[in-house]
Structure formats: C-alpha cells, structure tokens
Amino acid sequence: MSRPEGFSMSASSGSATVKAGGTATVRVAVGGPGRDSGPVTFDATGLPPHTSDTWRPQRIAGGGGTTVHLTTSPRTRPGAYQVLLRATAGLDSRSVPFTLTVVRPQRSPADLLAHVGLGGIVTVGRIVGWLAGRGGPPGPPAESLRPTRRDDERV
C-alpha cells in the first residue's frame with residue numbers, strides 16, 4: 001500500500017487591502033489529507049500587531065474549505081504585511097503566502113461631527129484641511145474662545 005503524498009492547500013486570493021479597523025476575508029481550500037492524518041486545523045502567522053485571525057470553521061475533517069477573517073484594529077499601522085495561512089493535519093502542514101495591506105481610513109464629515117460634536121464651532125478651512133489630512137483634528141478657532149464684551153456691559 002502506498003503512503004499518501006500529503007495534502008494541498010490554496011487560497012481564493014493572494015492579497016487584500018483593508019482600512020485600519022477593517023476585515024479581509026479569504027476562502028481557503030484543502031484537498032487530499034489522508035484519513036490517518038486526523039483533522040485539519042488552521043492558523044495564520046506574520047499578522048501585524050492589533051490584528052486577529054478567525055477561522056470558520058477552525059477545524060475540518062479531511063478535505064474541504066474554511067474561511068479566514070483577518071480583522072485589523074484602528075491601531076493597526078498602515079503597511080504591507082506578509083502573512084502565512086497554514087493548515088496542519090497531524091505532523092504534516094501546508095502554508096500559502098498572503099499579503100495583507102493596511103491603509104489609513106479616509107476621514108469623513110461624520111467623523112468630524114463625532115470628534116467636534118454638534119455644538120463645536122469650526123471654520124470651513126479647518127474642516128477642509130482636516131479632511132485632506134493636513135494637521136490634526138479641528139477645534140474651535142482661537143477667536144471663538146475669547147469672551148466678547150459689549151460696550152454697555154460692565155466687566
């Protein structure tokens with residue numbers, strides 16, 4: 001009786017680009033593990049900090065497929081990361097390379113309102129600059145922070 005050659009593994013894609021805080025979803029297929037190899041389990045290595053891998057299902061019997069969700073955090077730094085998606089059956093394992101590119105999320109007017117609040121006073125120039133990524137988040141203009149005095153008021 002000949003010994004099985006092991007098994008094969010493939011991914012639906014070799015790369016994905018996500019905004020920090022987003023999730024990349026990849027379908028992984030496994031074929032041909034021998035019955036004596038046991039169940040196939042999955043993991044990922046080389047993930048950027050603040051990123052998790054969730055496999056559904058995390059374990060399969062024999063050949064079949066699974067889906068991995070690579071979930072980044074808003075704290076995940078932008079960049080291209082070389083990740084290995086790995087399947088293990090007994091003492092045998094296979095890996096496929098995957099490039100996860102994390103980009104900075106675009107700012108939106110909704111982000112601005114969430115940061116400043118509805119009562120904030122912001123100039124149009126500061127909003128445009130903030131949305132374009134120049135400078136930090138807007139705050140009230142310095143003039144709006146000074147108390148005003150009317151001539152008929154006593155100070």
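This is a dialogue on how to read some features of a predicted model.

Biologist: What should I know about the numbering and the model before I start?

Modeller: Residues are numbered from 1 along each chain as its sequence is written. The model is predicted, so local features need pLDDT of at least 70 and side-chain atom pairs count only at pLDDT 80 or more, while totals for chains, interfaces and linings use all residues, and side-chain values use heavy atoms, with hydrogens and water left out.

Biologist: What is the mean pLDDT of the protein?

Modeller: pLDDT is the predictor's confidence in each residue, from 0 to 100. Here the mean is 79, and 63% of the residues reach 70 or more. Over residues 142-146 pLDDT stays under 50. For that stretch the model has two contacts beyond four places in sequence, a contact being heavy atoms within 4.5 Å.

Biologist: How many helices and strands does the protein have?

Modeller: Both are DSSP runs numbered from the N terminus: helices are H or I with at least four residues, strands are E with at least two. This protein has three helices and nine strands. Along the sequence the pattern is β-β-β-β-β-β-β-β-β-α-α-α. Among contacts with a separation of 6 or more, 54% are between residues 24 or more positions apart.

Biologist: In what order do the five strands of the open sheet stand?

Modeller: Strands of a sheet pair through backbone hydrogen bonds, either parallel or antiparallel. Two strands count as paired if DSSP finds at least two bridges between them. In this open sheet the order is β2-β9-β8-β4-β6, with mixed pairing. The edges are β2 (15-19) and β6 (59-60); each has a single partner strand, so one side of each is left without a neighbour in the sheet. Within the sheet, β4 and β8 pair in the antiparallel sense over six bridges. In that pairing Ala44 stands opposite Leu85 in β8.

Biologist: Which strands pair with β3?

Modeller: Strand β1 (residues 8-11) pairs with β3 in the antiparallel sense over four bridges, and Ser8 is opposite Gly31 in β3. Eight bridges join β3 to β7, also running antiparallel; there Ala24 is opposite Leu70 in β7.

Biologist: Which residues form the covered face of β3, and which the uncovered one?

Modeller: In a regular strand the side chains alternate between the two faces of the sheet. For β3 (residues 23-31), the covered face has Ala24, Val26, Val28 and Val30. The uncovered face has Thr23, Thr25, Arg27, Ala29 and Gly31.

Biologist: How many salt bridges does the structure hold?

Modeller: Side chains of opposite charge can pair when their charged atoms come close. A salt bridge is a side-chain nitrogen of Lys or Arg within 4 Å of a carboxyl oxygen of Asp or Glu. The structure holds two. One joins Asp43 and Arg86, with the closest N and O atoms 3.0 Å apart. Asp43 lies in strand β4 (residues 40-45) and Arg86 in strand β8 (residues 79-89), so the pair ties together parts that are 43 residues apart in sequence. Asp92 and Arg94 form another, with the closest N and O atoms 2.6 Å apart.

Biologist: Are the residues of these pairs buried, exposed or partly exposed?

Modeller: Buried means under 20% relative accessible area, exposed over 50%, and partly exposed in between, using a 1.4 Å probe and protein chains only. Asp43 is partly exposed at 22%, and Arg86 is partly exposed at 30%. Asp92 counts as partly exposed at 23%, and Arg94 is partly exposed at 26%. Of the 155 residues in the protein, 27% are buried.

Biologist: Where is Thr76, and what does Thr76 touch?

Modeller: Thr76 is in the loop between β7 (64-71) and β8. With a relative accessible area of 2%, Thr76 is buried. A polar atom of the Thr76 side chain lies 3.1 Å from the backbone oxygen of His50. Not counting residues up to four places away in sequence, Thr76 touches Ala20, Pro48, Pro49, His50, Thr51 and Val102.

Biologist: Which backbone oxygen does the side chain of Thr72 reach?

Modeller: That of Lys19, at 3.4 Å. Thr72 is in the loop between β7 and β8 and counts as buried at 5% relative accessibility. Leaving aside neighbours within four places in sequence, its contacts include Val18, Lys19, His50, Leu100 and Val102.

Key
Polar contact = N/O pair within 3.5 Å; in protein donor to acceptor, adjacent residues only side chain to side chain.
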